Amino acid sequence: MNLNIDAKKSGKKQKIQVNAPGKKRRRSASLDVKKARAGWIFVLPFLLGFILIYLPIIFDSIKFSFHEINILLGGGYELEWVGLKNYQDALFVDTSYVMTLVSGLKQLVIDIPCIVLFSLFIAIILNQKIAGRAAFRAIFFIPVILGTGIMSDIDAANTLNSYMEEAGGIDDGTGQQSAAEQILSVMDVQALFNNMMIGTELTTYVVQMVNNIFNIVNRCGVQMLIFLSSLQSISPAIYESCSIDGASGWETFWKITLPMVSPQILVNTIYTIIDAFTSSDNQVMKYIDTVYDKLNGDVLSSAMSWMYFLLVIIIIAAVAGILSSFVFYSRRND
């Protein structure tokens, strides 16, 4: 009050400055930073396990592939540097390794496209509004559960199945392969495609694909779920606009569905390649295990494993580079 009276008497306005302590603003992390921190916390157990457990094993495996192991009389072993000898022996001395590798690659060329296409086909069917589709989804995913753990061991030890898969398991007196071993023959498909002017290579491919249908169905469960989640993320308004414009179902598939699920095609292809190359029934993996059990086979199997690993990386990089050029990524902000 006294300050206001004095200011009025003097006829001049006076500014009173009050030095109050300012509030410090806490800088909160952005949403992207918080997500990044949560992601690092999520993968931290894997990183610790990889650094403490797997990284020393990987280092020893690389070291063994360039050495010979000499067992000492008093116990223990010593390493003798041999350079690329183990790799040369795997490629040029042990001819079975190269033959098994080529045979495995030929089989994967047949299996991988079939698994990806079949899983996409099943996902499109299960995405339709049909009665009991939840039960059908569970049925197609059951082989993924049964193919792991103790169920896989029981199936591998199935004596009846092994007997039926043998060439002489069931003899019908005709000299032909049994029906349990082969669903279709080349002659059957050739008779079907007789007037369609289709080459023998495609006929052989169809026969191999049909005869391997059991393995294909067992290995498409995860890919089917990924495709199904991608199909359900497509807005129904897009399909409604296509139907209003008079687009057919075939045109809608090629113009809308396939481009929208193309990122998942890339993901499923890479996943299928890795799963096929590292599965327990892979021919190359089985052969490397047999070499490891032989005398001084640990160093040779290490060299085979690393050559196999580099081949898998090259194939994945090539497939990812080719498919990435056809992948369509929708932009949310456009």
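A salt bridge is taken here as a side-chain nitrogen of Lys or Arg lying within 4 Å of a carboxyl oxygen of Asp or Glu. In this predicted model, the count by that rule comes to two salt bridges. One of them joins D60 to K63, with 3.8 Å between the closest N and O atoms, and the two residues both belong to helix α2, where they stand three residues apart, about one turn of the helix. D60 counts as partly exposed because its relative accessibility is 30%, and K63, at 29% relative accessibility, likewise counts as partly exposed.

A salt bridge is also formed between D89 and K85, whose closest N and O atoms are 2.9 Å apart. Because D89 and K85 are four residues apart in helix α3 (residues 85-93), about one helical turn separates them. K85 has a relative accessible area of 37% and is therefore partly exposed.

On the surface, a nonpolar patch is formed by L44, F46, L48, F50, I51, L52, I53, Y54, L55 and I57, which together have about 1000 Å² of accessible area. Among these residues, F50 is placed in helix α2 (residues 31-65), and its relative accessibility of 32% means that F50 counts as partly exposed.

As regards helix packing, helix α4 (residues 95-126) packs with helix α16 (residues 297-324) at an angle of about 25 degrees, their axes being 12 Å apart. Helix α4 is therefore roughly parallel to α16, since angles under 35 degrees count as roughly parallel. The crossing of these two helices, α4 and α16, is right-handed.

Conventions. Residues are numbered from 1 along each chain as its sequence is written. This is a predicted model: local features need pLDDT of at least 70, side-chain atom pairs count only at pLDDT 80 or more; totals for chains, interfaces and linings use all residues. Side-chain values use heavy atoms; hydrogens and water are left out. Patches are made of residues with over 30% relative accessible area and no salt bridge: like charges are joined within 9 Å, nonpolar side chains (Val, Leu, Ile, Met, Phe, Trp, Tyr) within 5 Å. Accessible areas come from the Shrake-Rupley method with a 1.4 Å probe; for residues, only the protein chains shown count as cover. Buried means under 20% relative accessible area, exposed over 50%, partly exposed in between (1.4 Å probe, protein chains only). Axes are lines fitted to C-alpha atoms, for helices over the stretch in contact, and angles run from 0 to 180 degrees between N-to-C directions. Angles under 35 degrees count as roughly parallel, over 145 as roughly antiparallel, 65 to 115 as roughly perpendicular and the rest as oblique. A crossing is left-handed if the near helix is turned anticlockwise from the far one by less than a right angle, and right-handed if clockwise.
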